[in-house]
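Student: Could we go through this model together, one question at a time? I'd like to see how each answer is reached.

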Amino acid sequence: MPVEFLTDDEAAAYGRFAGPPARADLERVFFLDDEDRALVGRRRGEHMKLGFALQLVTVRWLGTFLEDPLDVPGVVLEFVAEQLGVEDPSQVKRYTERRPTPFDHQQEIRQAYGWKDFASVEPEFVAWVAARSWTSGDGSKAIFTDGVGWLRERKALLPGVTTLARLVAKIREDTTKRLWGALEGLLTIGQRYVLDQMLEVPPGSRVSDLERWRKGVAPRASGPTIIKALDQVAEICGLELAELGAEALVPQRRLGELAKYGMRADASALRRHPDRAPALNCYVQVRPVDQML
């Protein structure tokens, strides 16, 4: 499943500090309350206390633990050290001398604060992404970004960037196919044929019927112009596609987006849609035509 919606830089920044947090964020997220201090205070040595505290505030901010628990901005280190009364923050380098220590501390933090694996909330996350995609039609990147916040709020540790990106992309693709299926089910075989013919250029014409109708007639207050306009309205009404009832099946925002696309895309672009998407062709063609009436 392609995940091109993330740039290399965005993928590299996932689950890491993108830069130093603002002062307001430091005071809101990196502040150590009494419960935090009590847990930190169980460590022996200032370097252990400081390293443990860094892991505690890191997972709170990022939603994951860092492979190198000391890979934090200097302002974070200084802010935490100041709260713990550690005068020399550089001694935290000793924290990783014993490799199992950071991992042991991660398990203790998870247990104390209720952080859980992604697998335990994956079904709920899938349902959230599907609902968001179905109702809003937002792009994969927007859903991915908000999904990271969704997981962090529920204290679910972030999975790998590829795992999460592919999951979001797949769910969004499945939702799109579901949208097409809902619209396709409204059409008869005859209506599908008529829609396909709207994209073709009739003999003796230079444009398709769809493009001709969208262009309309010249806005002149003359008898012949009015007759042409009425003839065009009669053509459109003759399709009997104005009342498909799509509004009862598909969120209005999704329908509106399809209608906007239908007003912009030309017939050649619509013809390039895959065969599995006749319903998409249906709505991007019928909705704008409906709005012409």
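Student: Happy to start with the helices: is the crossing of α8 and α9 left-handed or right-handed?
Tutor: Good place to begin, and keep in mind that this is a predicted model. The axes of α8 (residues 140-153) and α9 (residues 161-184) come within 10 Å and cross at roughly 125°. That angle makes α8 oblique to α9. As for its hand, the crossing of α8 and α9 is right-handed.

Student: How many nonpolar residues are in the contact of α8 with α9?
Tutor: Let's look at who takes part. From α8 come Ser 140, Ile 143, Phe 144, Val 148 and Leu 151, and they meet Val 161, Leu 164, Ala 165, Val 168, Ala 169 and Arg 172 in α9. Sorted by class, the residues of this contact include 1 charged and 1 polar, and the nonpolar ones number 9.

Student: What about α7 and α9: what is the hand of their crossing?
Tutor: Helix α7 covers residues 122-136, and its axis lies 9 Å from that of α9. The two pack at an angle of about 45°, and α7 and α9 are therefore oblique to each other. The crossing in which α7 passes α9 is right-handed.

Student: How many charged residues does the contact of α7 with α9 have?
Tutor: On the α7 side are Glu 122, Phe 125, Val 126, Val 129, Ala 130, Ser 133 and Trp 134. The α9 side brings Leu 164, Leu 167, Val 168, Ile 171, Arg 172, Thr 175, Arg 178 and Leu 179. By class, this contact has 10 nonpolar and 2 polar residues, and the charged ones number 3.

Student: Is Leu 167 buried or exposed?
Tutor: Leu 167 lies in helix α9. Leaving aside its neighbours within four places in sequence, Leu 167 is in contact with Phe 118, Glu 122, Phe 125 and Val 126. Its relative accessibility is 16%, so Leu 167 counts as buried.

Student: How many polar residues are in the contact of α7 with α13?
Tutor: Here the axes of α7 and α13 (residues 252-264) come within 6 Å and cross at roughly 50°, which makes α7 oblique to α13. Ser 133, Trp 134, Thr 135 and Ser 136 of α7 make the contact with Arg 253, Arg 254 and Glu 257 of α13. Those residues divide into 1 nonpolar and 3 charged, with the polar ones numbering 3.

Student: Stepping back, what is the radius of gyration of the protein chain?
Tutor: The protein chain has 15 helices and 0 strands. For 293 residues the globule rule gives 19 Å, and the radius of gyration is well over that, so the chain is more spread out than a compact globule. The C-alpha trace spans about 90 × 35 × 30 Å along its principal axes. The radius of gyration is 29 Å.

Student: And what percentage of the residues of the protein chain count as buried?
Tutor: Let's finish with two totals for the chain. Among contacts between residues at least 6 apart in sequence, 75% join residues at least 24 apart. Of the 293 residues, the share that count as buried is 43%.

Terms used:
Residues are numbered from 1 along each chain as its sequence is written. This is a predicted model: local features need pLDDT of at least 70, side-chain atom pairs count only at pLDDT 80 or more; totals for chains, interfaces and linings use all residues. Side-chain values use heavy atoms; hydrogens and water are left out. Axes are lines fitted to C-alpha atoms, for helices over the stretch in contact, and angles run from 0 to 180 degrees between N-to-C directions. Helices (H or I, at least four residues) and strands (E, at least two) are DSSP runs, numbered from the N terminus. Angles under 35 degrees count as roughly parallel, over 145 as roughly antiparallel, 65 to 115 as roughly perpendicular and the rest as oblique. A crossing is left-handed if the near helix is turned anticlockwise from the far one by less than a right angle, and right-handed if clockwise. Contact means heavy atoms within 4.5 Å. Ala, Val, Leu, Ile, Met, Phe, Trp, Tyr, Cys and Pro count as nonpolar, Asp, Glu, Lys and Arg as charged, and the others, Gly among them, as polar. The radius of gyration is taken over C-alpha atoms; the globule rule is 2.2 Å times the number of residues to the power 0.38. Buried means under 20% relative accessible area, exposed over 50%, partly exposed in between (1.4 Å probe, protein chains only).
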